[in-house]
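Biologist: I would like to learn how to read some features of a model. Could we begin with open spaces and go on from there?

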Amino acid sequence: MTHPQPQGFLAVPPTGKGHGVLVLHAWWGLNDTIKAFCTRLAESGFVAFAPDLYHGKVADNIADAETLSKALDANYLQAKSEVAEATRFLNERVGSADRGLAAIGFSLGASYALDISNTAPEYIRSVVIFYGTWVDDLSHSRAAYLGHFAENDEFEPQANVDRLEEYLRRAGRPVTFYRYSGTGHWFFEPDRTQAYNQTAASLAWDRTLAFLKSATA
């Protein structure tokens with residue numbers, strides 16, 4: 001059965017093929033920053049797909065983002081279903097059953113990236129999370145994990161980061177978490193001009209790329 005492309009943004013390398021990376025947006029929605037990130041992945045040889053969990057809506061301020069994310073949380077089973085659908089579509093698009101897919105989640109999207117690694121372990125073999133941790137269960141995961149976290153984060157307490165790292169270690173999953181000194185939430189996103197930290201973002205990108213390439217080597 002062929003899965004049609006779900007609503008979202010697909011970026012493909014010039015060669016037309018590559019390993020698949022599922023990109024899960026922050027509470028702002030599928031904005032230009034996420035699309036640019038997907039395009040950057042494609043330029044590095046990956047097929048990147050970001051499902052649009054907000055169905056066309058995008059926020060550019062915290063109040064609107066809170067409204068959209070609360071509506072998503074209230075309908076989280078639907079959102080999980082859409083992430084699963086996007087995973088199946090991407091797997092079919094790249095045909096990479098041998099090495100699996102990667103999932104990358106930003107903030108709100110991090111919890112969905114963690115969740116899909118547990119609910120679809122046959123697909124997701126590597127996970128990258130940016131300043132987000134919330135998840136119920138990872139006992140079925142077969143993935144390796146890379147995390148990028150801010151030193152000063154009002155939205156993601158250090159205790160949550162430590163708890164997730166310890167949980168993954170106890171579960172026997174490969175895990176590497178980085179904390180970036182002098183940064184806050186959204187430090188990777190250039191459109192968040194007050195939070196963006198170019199040095200940290202560049203380092204996080206290099207580490208992400210190295211992690212994805214080692215996972216598919």
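Biologist: What volume does the largest pocket have?

Modeller: A pocket comes from a 1 Å grid over the protein atoms alone: it is an open set of points with protein on both sides within 12 Å along at least five of seven lines. Grid points are joined across faces, edges and corners, and the volume is the space filled by probe spheres set on the points. Here the largest pocket has a volume of about 740 Å³. This is a predicted model, in which local features need pLDDT of at least 70 and side-chain atom pairs count only at pLDDT 80 or more, while totals for chains, interfaces and linings use all residues. Residues are numbered from 1 along each chain as its sequence is written, and side-chain values use heavy atoms, with hydrogens and water left out.

Biologist: Which residues lie nearest the centre of the largest pocket?

Modeller: Lining residues are those with an atom within 4 Å of a point. The largest pocket has 25 of them, and Ser 107, Ser 111, Thr 133, Trp 134 and Glu 156 lie nearest its centre. Two or more lining residues come from each of helix 2 (62–74), helix 3 (76–94), helix 4 and helix 5 (158–170). Helices (H or I, at least four residues) and strands (E, at least two) are DSSP runs, numbered from the N terminus. By class, the pocket lining holds nine nonpolar, seven polar and nine charged residues. Ala, Val, Leu, Ile, Met, Phe, Trp, Tyr, Cys and Pro count as nonpolar, Asp, Glu, Lys and Arg as charged, and the others, Gly among them, as polar.

Biologist: How many cavities of 30 Å³ or more does a search of the whole structure find?

Modeller: A cavity is a set of points where a 1.4 Å probe fits but cannot get out. The search finds one of 30 Å³ or more. The largest cavity holds about 60 Å³ of space. Its lining has 13 residues, with Gly 100, Leu 101, Ala 102, Ser 126 and Thr 216 nearest the centre. Strand 2, strand 4, strand 5 and helix 6 (198–215) each give two or more residues to this lining. Strand 2 gives the most, with three residues. Six residues of the cavity lining are nonpolar, five polar and two charged.

Biologist: Which strands are joined to strand 4 by bridges?

Modeller: Two strands pair if DSSP finds at least two bridges between them. Strand 2 (residues 19–24) runs parallel to strand 4, with four bridges between them; Val 21 has Ala 102 as its bridge partner. Strand 4 is also parallel to strand 5 (residues 124–130), with six bridges, and Leu 101 stands opposite Ile 124.

Biologist: Are the two faces of strand 4 covered or open?

Modeller: Buried means under 20% relative accessible area, exposed over 50%, and partly exposed in between (1.4 Å probe, protein chains only). Six of the six residues of strand 4 (residues 101–106) are buried. Leu 101, Ala 103 and Gly 105 cover one side, and Ala 102, Ile 104 and Phe 106 the other.

Biologist: What unit do strand 4, helix 4 and strand 5 make?

Modeller: A crossover is right-handed if, with the strands pointing away from the viewer, the path from the first strand over the helix to the second runs clockwise. Strand 4, helix 4 and strand 5 make a right-handed β-α-β unit. Eleven of the twelve residues of helix 4 are buried, so this helix is largely enclosed by the rest of the structure. Among the buried ones are Tyr 112, Asp 115 and Asn 118.

Biologist: Which residues have a positive phi although they are not glycine?

Modeller: One of them is His 55, at about 55 degrees, in the loop between strand 3 (46–51) and helix 2. His 55 is partly exposed, with a relative accessible area of 45%. Another is Tyr 131, at about 35 degrees, in the loop between strand 5 and strand 6 (144–150). Tyr 131 has 0% relative accessibility and counts as buried.
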